[in-house]
Amino acid sequence: MQMERRAVPTEFEVRSEGGAFNFYGYALKWDARSSNLGGFRERVAQGATAESIQRDDIRALFNHDPNLILGRNRSGTLRLSEDSTGLHYEVDMPDTTYARDLATAMERGDVSQSSFGFKTSGPEGDSWAEDDDGFPLRTLQKVALFDVSPVTYPAYADSTSGVGSRALQLFAESRGIPLARLDSPEAIRAAIRGGSDDPALSEARSLPLDLHIRDHEALTLSLALRAARL
């Protein structure tokens with residue numbers, strides 16, 4: 001099962017009572033536009049997590065590490081709710097060394113970002129269009145959550161991390177287009193519009209793409225260098 005992850009800035013609030021800690025913040029915010037994820041931007045539609053937080057078994061982890069579990073919705077130590085801003089989460093932290101250290105880091109402001117792991121729910125889980133600038137825009141309409149995590153580094157915040165690879169693979173499959181053709185915003189826009197005769201999609205690329213360098217400029221340079229060697 002393929003998982004995608006996204007990171008967002010978060011203002012955590014930490015409370016302590018009788019030596020126990022809990023914290024709360026937002027795992028994601030509705031309609032906030034992402035940076036360039038490798039030829040497209042992304043947003044989350046309001047209500048995209050509503051079914052998942054009622055249905056799925058979701059964990060709170062530190063840095064997505066399953067060995068550093070902070071809470072779980074099934075046990076009541078993780079509470080998830082949607083409001084007009086986004087997906088809010090609150091965690092009763094365990095009495096462990098790593099949790100106490102994390103609480104200190106949060107209070108100091110050293111940890112100030114959240115990340116969430118998800119997959120889209122079925123063919124209507126996402127949609128593709130163009131934003132006001134004509135840039136490809138993916139909207140997450142319905143997702144299944146795996147975890148929400150305070151993170152030290154937003155490892156999936158930029159396009160060079162390969163963050164968009166899985167999303168583009170799913171999009172290519174839904175359009176019946178080889179993934180290698182979606183190597184630029186122009187090609188993605190052509191696929192969104194259904195223009196199979198568009199010059200951006202007219203010729204299949206024969207070279208495999210490194211999905212960890214989906215950044216458009218790096219990818220263009222990579223293809224040019226490979227072509228020069230042939």
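This is a predicted model: local features need pLDDT of at least 70, side-chain atom pairs count only at pLDDT 80 or more; totals for chains, interfaces and linings use all residues.

I'll go through some of the salt bridges in this chain.

I've picked three of them to show you.

Let's start with Glu-42 and Arg-138. Their closest N and O atoms sit 2.8 Å apart. Look at where the two residues are: Glu-42 is in strand β4, residues 41-44, and Arg-138 is in strand β11, residues 136-140. That's 96 residues apart, so this pair links distant parts of the chain. Are these two residues buried or exposed? Both Glu-42 and Arg-138 are buried.

Next one, Glu-130 with Arg-193. Here the closest N and O atoms are 2.6 Å apart. Glu-130 is in strand β10, residues 126-130, and Arg-193 is in helix α4, residues 185-193, so the bridge ties together parts that are 63 residues apart in sequence. What about accessibility? Glu-130 comes out at 27% relative accessibility, so we call it partly exposed. Arg-193 is at 60%, so that one counts as exposed.

Last pair: Asp-56 and Arg-55. The closest N and O atoms are 2.9 Å apart in this salt bridge. Why does Asp-56 count as buried? Because its relative accessibility is 16%, and the cut-off for buried is under 20%. Arg-55, at 41%, counts as partly exposed.

Definitions and conventions: Residues are numbered from 1 along each chain as its sequence is written. Side-chain values use heavy atoms; hydrogens and water are left out. A salt bridge is a side-chain nitrogen of Lys or Arg within 4 Å of a carboxyl oxygen of Asp or Glu. Helices (H or I, at least four residues) and strands (E, at least two) are DSSP runs, numbered from the N terminus. Buried means under 20% relative accessible area, exposed over 50%, partly exposed in between (1.4 Å probe, protein chains only).
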